[in-house]
Amino acid sequence: MRISCVGAGPAGLYFAIVMKRRNPNHEIVVHERNPAGTTHGWGVVFWDDLLATLRNNDPDSAQAIADEAVPWSGQVVDVEGQPPLHNGGGGYGICRRRLLQILIERARALGVDVRFESEISELSQVADADLIVAADGVASQLRRHRADRFRPQIEAGRNKYIWLATTQRFPSFTFGFVPTSAGWVWFHAYSFKEGVSTFIVECAPETWEGLGLGTMRADAELRTLESIFAKHLDGHELISRDGHDNRLPWLSFRTLVNRTWHADNLVLIGDAAHTTHFTIGSGTRLAIDDAIALAAALSEHDSLPSALYAFERRRHRALARVQRDARLSAEWFENLPRYIRYNAPTFFTLLLARRSRLLKRMPARTYLYLRGHYTKLTGRAASPLARIGRRAFPFGSKASRGIFRAEPGTPRR
Ligand SMILES: Cc1cc2nc3c(=O)[nH]c(=O)nc-3n(C[C@H](O)[C@H](O)[C@H](O)COP(=O)(O)OP(=O)(O)OC[C@H]3O[C@@H](n4cnc5c(N)ncnc54)[C@H](O)[C@@H]3O)c2cc1C
């Protein structure tokens with residue numbers, strides 16, 4: 001089969017790898033518009049489940065990724081004016097650029113033709129392919145050519161965020177919340193290679209405007225953020241490499257859903273098909289899962305239409321719940337004033353429960369009360385409670401709004 005894969009992100013590269021491993025006779029070209037060695041963002045997190053998946057599908061690249069990954073242990077919540085709190089667990093961070101390098105080397109070793117500075121904006125550029133895989137990210141150009149079939153819907157989140165790095169070490173996944181004259185500003189940070197950590201800054205749009213962020217030159221803005229987070233950075237600097245016109249690239253997260261993921265011989269995978277808010281740290285994992293599922297469907301089915309249909313059916317279903325969780329998590333941060341007025345232990349509990357539909361629908365105190373009772377009655381931790389939001393609280397939005405009125409910081413959605 002002749003395959004054109006557009007986009008050398010995790011989705012496109014991993015698809016090329018698993019496809020070649022299944023059948024070395026496939027002719028696969030991966031087109032990447034950027035020059036070699038350039039990409040957006042810094043480090044990404046993942047967990048043991050991804051490593052297990054990678055080992056099952058391509059032990060060579062799995063080993064290289066495992067060797068490169070930096071473990072982080074536990075989560076820390078540090079709200080200004082209160083003692084920082086820790087809990088258990090752990091995962092890994094890896095430099096996105098290095099991850100892509102590993103996948104590129106592996107794809108080439110298997111015989112994939114990876115071409116840089118090869119932008120594909122028209123389907124006619126890849127017309128000779130039997131299959132066109134659009135792995136070209138959330139702003140996919142190929143998707144636009146069949147927008148009537150895919151019916152993409154993009155919803156921009158309220159909060160502003162920026163993906164920075166710092167030389168400060170964060171051995172735990174750390175959330176730091178700092179009050180300013182214009183409202184709360186916070187960061188999500190974790191180490192991803194020796195001496196470098198991801199440092200994502202987020203705040204409400206009113207705070208962003210109130211602090212004059214987005215109006216300064218990049219250097220001045222980095223110094224402003226460094227002074228806000230001085231206690232956490234301890235003299236280390238913040239680093240950005242993606243700015244244009246000397247401005248920092250602040251964004252609002254775009255949640256994308258498509259009604260369908262394939263049209264004729266064009267199929268969407270990874271962020272071109274769906275996005276999940278960065279606060280659940282899953283986009284790379286989901287992109288890789290798509291790649292594996294598409295390669296499996298193509299091997300299992302004789303005809304292209306039935307393979308693409310089977311792929312979409314399987315992954316669409318899997319994505320629905322993750323996207324719902326991601327939306328709840330994003331909304332939790334958008335409604336931070338509802339939660340941050342509690343003491344640090346309660347706030348931490350609420351932060352960990354941010355994917356709960358129940359928490360979204362009732363005052364935090366009521367949620368905690370029910371959660372406490374559930375634990376007392378069953379002797380089990382409250383995680384199942386977090387999943388039964390709609391059934392346990394089957395009132396419409398009007399009733400929810402009534403209850404919320406009792407609590408300051410009314411949620412917006
Ligand atoms: C702030 C932030 C933090 C994140 N943190 C995490 C995390 O911790 N863990 C995690 O799992 N995920 C994380 N993600 C999500 C993750 O980065 C994405 O979900 C993942 O990169 C999707 O992979 P992809 O291959 O589908 O798309 P991308 O990685 O976006 O790759 C698409 C590629 O296509 C190329 N391209 C685009 N258009 C064209 C064209 N016309 N022709 C040729 N090439 C083209 C682009 O240059 C790019 O290289 C985070 C995202 C953000 C925004």
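Tutor: Contact means heavy atoms within 4.5 Å. This is a predicted model, in which local features need pLDDT of at least 70 and side-chain atom pairs count only at pLDDT 80 or more, while totals for chains, interfaces and linings use all residues. Residues are numbered from 1 along each chain as its sequence is written, and side-chain values use heavy atoms, with hydrogens and water left out.

Student: Leaving aside neighbours within four places in sequence, with which residues is Glu 27 in contact?

Tutor: Glu 27 is found in strand S2 (residues 27–31); strands (E, at least two residues) and helices (H or I, at least four) are DSSP runs numbered from the N terminus. Its relative accessible area of 52% makes Glu 27 exposed, since exposed means over 50%, buried under 20% and partly exposed in between (1.4 Å probe, protein chains only). Once neighbours within four places in sequence are set aside, the contacts of Glu 27 are Met 1, Arg 2 and Ile 3.

Student: What distance separates the C-alpha atoms of Glu 27 and Ala 129?

Tutor: Glu 27 and Ala 129 are 102 residues apart along the chain. The separation of their C-alpha atoms is 9.2 Å.

Student: Are helices H1 and H10 roughly parallel or roughly antiparallel to each other?

Tutor: Two packed helices are described by the angle between their axes and the distance between the axes. The axes of H1 (residues 10–22) and H10 (residues 283–300) come within 8 Å and cross at roughly 30°; axes are lines fitted to C-alpha atoms, for helices over the stretch in contact, and angles run from 0 to 180 degrees between N-to-C directions. Angles under 35 degrees count as roughly parallel, over 145 as roughly antiparallel, 65 to 115 as roughly perpendicular and the rest as oblique. H1 and H10 are therefore roughly parallel.

Student: In which loop is Asp 234 found?

Tutor: Most residues other than glycine have a negative phi. Asp 234, although not a glycine, has a positive phi of about 50°, and at 59% relative accessibility it counts as exposed. Asp 234 lies in the loop between helix H9 (230–233) and strand S13 (238–239).

Student: How many disulfides does a search of the whole structure find?

Tutor: A disulfide is a pair of cysteine sulfur atoms within 2.5 Å. Cys 95 is buried at 13% relative accessible area, and Cys 203 is buried at 0%. The number of disulfides found in the whole structure is zero.
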